[in-house]
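Have the sequence and the 3D view open, and follow along.

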Amino acid sequence: GARDEQFAVASTQGKVSIIQSKSGQTVWSLDLGVPLQAALGFNGRKAAAITRDNDLVVAELGVSVSEGGLLLTAPTFMGAAAALWAGPMMDRHGRRPLVVGGLLLVGACNLLMGMVPVLWLAVVLRAVTGLGMTALFPATLSAAGEYFSYRERGKAMGLAISAGSSAPLLGIPVAAALAGLASWRLPLLLL
């Protein structure tokens, strides 16, 4: 295939490039930002290099840090846009379809994210994940408003909002630890 006709090169300053064998054109290039030793491997998707401090660095899909930032902003942007329909949709169809649909959407997108071969598809999946997450928030607050007395409602809503805000604070370090064991894809496949 096309990947069989590619090879990786790296500079001691930290730049890794994937080159098309026949044309000599650069397929993707990435500055890792750390000095490298000469050791480098390429399996068609990932380029691996050893830093001068003997740390293994793996570059996948040719994604820079700034491009990777799209993976963080896509669900937030989609979530903000989708928030306009989530409440009215819940009013029409009830909480259950929104919660079930949102959880299925988030789960499916996270599973597929663990297998994507290109950045643009990962960004699309993350945006759709934001759509699923947006479906969950109004349903949570609505349930807190319905199932708790007026006197306890503020506390219940505060706990729900606090839990939603705390999840990334706890989830990101756990995901980073899991990713360090094997790949950035591992936490997504385990969700």
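**The whole chain**

Keep in mind that this is a predicted model. The protein chain has 6 helices and 6 strands. The chain has 191 residues, and 31% of them count as buried. Now take the contacts in the chain with a separation of 6 or more: 45% of them come from residues 24 or more positions apart.

**Helix α2 and its two partners**

Find helix α2, which covers residues 70-93.

| Pair | Angle between axes | Axis distance | Handedness of crossing |
|---|---|---|---|
| α2 and α3 | roughly 160° | within 10 Å | right-handed |
| α2 and α4 | about 40° | 6 Å | right-handed |

Start with α2 and α3, whose axes cross at roughly 160°. That makes α2 roughly antiparallel to α3. Who touches whom here? On the α2 side you'll find Leu71, Trp85, Ala86, Met89, Met90 and His93, and they meet Arg95, Pro97, Leu98 and Met113 of α3. Sorted by class, this contact has 8 nonpolar residues, 1 polar and 1 charged.

Next up is α2 with α4, packed at an angle of about 40°. These two helices are therefore oblique to each other. The α2 residues in this contact include Leu70, Ala74, Met78, Ala82 and Trp85, while the α4 residues include Leu119, Val123, Ala127, Leu131 and Ser142. By class, the contact of α2 with α4 splits into 17 nonpolar, 5 polar and 1 charged residues.

**Salt bridges**

How many salt bridges does the structure hold? There are 2. One of them joins Glu5 and Lys22, with the closest N and O atoms 3.8 Å apart. Glu5 sits in the segment before β1 (6-10) and Lys22 in the loop between β2 (15-20) and β3 (26-31), so the bridge ties together parts that are 17 residues apart in sequence. Are these two residues buried or exposed? Glu5 is partly exposed, at 29% relative accessibility, whereas Lys22 is exposed, with a relative accessible area of 71%.

Another salt bridge is formed by the side chains of Arg95 and Glu146, at 3.0 Å from N to O. Arg95 belongs to helix α3 (residues 95-113) and Glu146 to helix α4 (residues 119-147), so this pair ties together parts that are 51 residues apart in sequence. Arg95 counts as buried because its relative accessible area is 19%, and the cut-off for buried is under 20%.

**A closer look at Val128**

Finally, zoom in on Val128, which is in helix α4. Val128 is partly exposed, with a relative accessible area of 25%. What does Val128 contact, leaving aside its neighbours within four places in sequence? The answer is Leu105 and Cys109. Val106 is 22 residues away from Val128 along the chain, and the C-alpha atoms of these two are separated by 7.7 Å.

Methods: Residues numbered from 1 in each chain as written. Predicted model: local features only at pLDDT ≥ 70, side-chain atom pairs only at ≥ 80, totals over all residues. Heavy atoms only, no water. Salt bridge = Lys/Arg side-chain N within 4 Å of Asp/Glu carboxyl O. Helix = DSSP H or I, 4+ residues; strand = E, 2+ residues; numbered from the N terminus. Buried < 20%, exposed > 50% of the residue type's maximum accessible area, 1.4 Å probe, protein only. Axes fitted to C-alpha atoms, helices over the stretch in contact; angles between N-to-C directions. Parallel < 35°, antiparallel > 145°, perpendicular 65-115°, else oblique. Left-handed = near helix turned anticlockwise from the far one by under 90°. Contact = heavy atoms within 4.5 Å. Nonpolar A, V, L, I, M, F, W, Y, C, P; charged D, E, K, R; others polar.
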